[in-house]
Amino acid sequence: MSLECRNSHVPPELMKLLKNKTLLVGAIDVASDRIDTPEEVAATLKLATKFAEPERNPGMHELRHGAD
C-alpha cells in the first residue's frame with residue numbers, strides 16, 4: 001500500500017488501519033516545485049513510525065531506533 005504523507009492532508013493515524021500490509025510512505029511533496037529539506041523528509045518518516053508496524057515495514061525499524 002502506498003500512502004502519500006507529505007502535505008496530503010490525510011491523517012497519518014489512518015496507517016493504523018493498514019495492519020498486515022506493507023506500507024510505502026510518500027515523504028516528498030510531489031505537488032510543489034519546492035525542494036523538501038532532509039529534515040522535513042525525516043520528520044515525515046518519523047511521524048509514520050508512530051502509526052506503522054516496523055516489523056512489516058523494514059525500513060521503518062531503523063528510523064524508530066534512531067538511525068537517520
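Thr44 is located in helix H1, which spans residues 38-48. In this predicted model, the relative accessible area of Thr44 is 9%, and the residue is therefore classed as buried, the limit being under 20%. Leaving aside residues up to four places away in sequence, Thr44 touches Cys5, Arg6, Gly26 and Ala27. One of these contacts, Arg6, is also a salt-bridge partner of Asp36.

The chain as a whole contains two helices and two strands. Read from the N terminus, the order of the elements is β-β-α-α. Strand S1 covers residues 2-4 and strand S2 covers residues 24-26, while helix H2 covers residues 58-64. Of the 68 residues in the chain, 31% are buried. The accessible surface of the chain amounts to about 4,800 Å², and carbon and sulfur atoms contribute 58% of that area. Among contacts with a separation of 6 or more, 35% are between residues 24 or more positions apart.

The mean pLDDT is 78, and 76% of the residues reach 70 or more. Among the elements, H1 has the highest mean pLDDT, at 89, whereas H2 has the lowest, at 56. Where pLDDT is low, predicted coordinates should not be read in detail. Thr44 belongs to H1, the element with the highest mean value.

Four salt bridges are present in the structure. In one of them, Asp36 pairs with Arg6, with the closest N and O atoms 3.1 Å apart. This pair links distant parts of the chain, since Asp36 is in the loop between S2 and H1 and Arg6 is in the loop between S1 and S2; the two residues are 30 residues apart. Both Asp36 and Arg6 are buried. For Asp36 the relative accessibility is 13%, so the residue falls under the 20% limit for burial.

Asp36 also forms a salt bridge with Arg34, for which the closest N and O atoms are 3.8 Å apart. The N to O distance is 2.8 Å in the salt bridge between the side chains of Arg34 and Glu40. Through shared partners, salt bridges join Arg6, Arg34, Asp36 and Glu40 into one network.

Most residues other than glycine have a negative phi. Asn7, however, has a positive phi near 60°, and His9, which is not a glycine either, has a positive phi of about 65°. The accessibility of the two residues is 46% for Asn7 and 78% for His9. Asn7 is therefore partly exposed, while His9 exceeds the 50% limit and so counts as exposed.

A nonpolar patch on the surface is formed by Val10, Leu14 and Leu17. Together these residues have about 280 Å² of accessible area.

The relative accessibility of Lys21 is 44%, which lies between the limits of 20% and 50%, so the residue counts as partly exposed. Along the chain, Lys21 and Ala52 are 31 residues apart, and their C-alpha atoms are separated by 9.4 Å.

Key. Residues are numbered from 1 along each chain as its sequence is written. This is a predicted model: local features need pLDDT of at least 70, side-chain atom pairs count only at pLDDT 80 or more; totals for chains, interfaces and linings use all residues. Side-chain values use heavy atoms; hydrogens and water are left out. Patches are made of residues with over 30% relative accessible area and no salt bridge: like charges are joined within 9 Å, nonpolar side chains (Val, Leu, Ile, Met, Phe, Trp, Tyr) within 5 Å. Accessible areas come from the Shrake-Rupley method with a 1.4 Å probe; for residues, only the protein chains shown count as cover. Helices (H or I, at least four residues) and strands (E, at least two) are DSSP runs, numbered from the N terminus. Buried means under 20% relative accessible area, exposed over 50%, partly exposed in between (1.4 Å probe, protein chains only). Contact means heavy atoms within 4.5 Å. pLDDT is the predictor's confidence in each residue, from 0 to 100.
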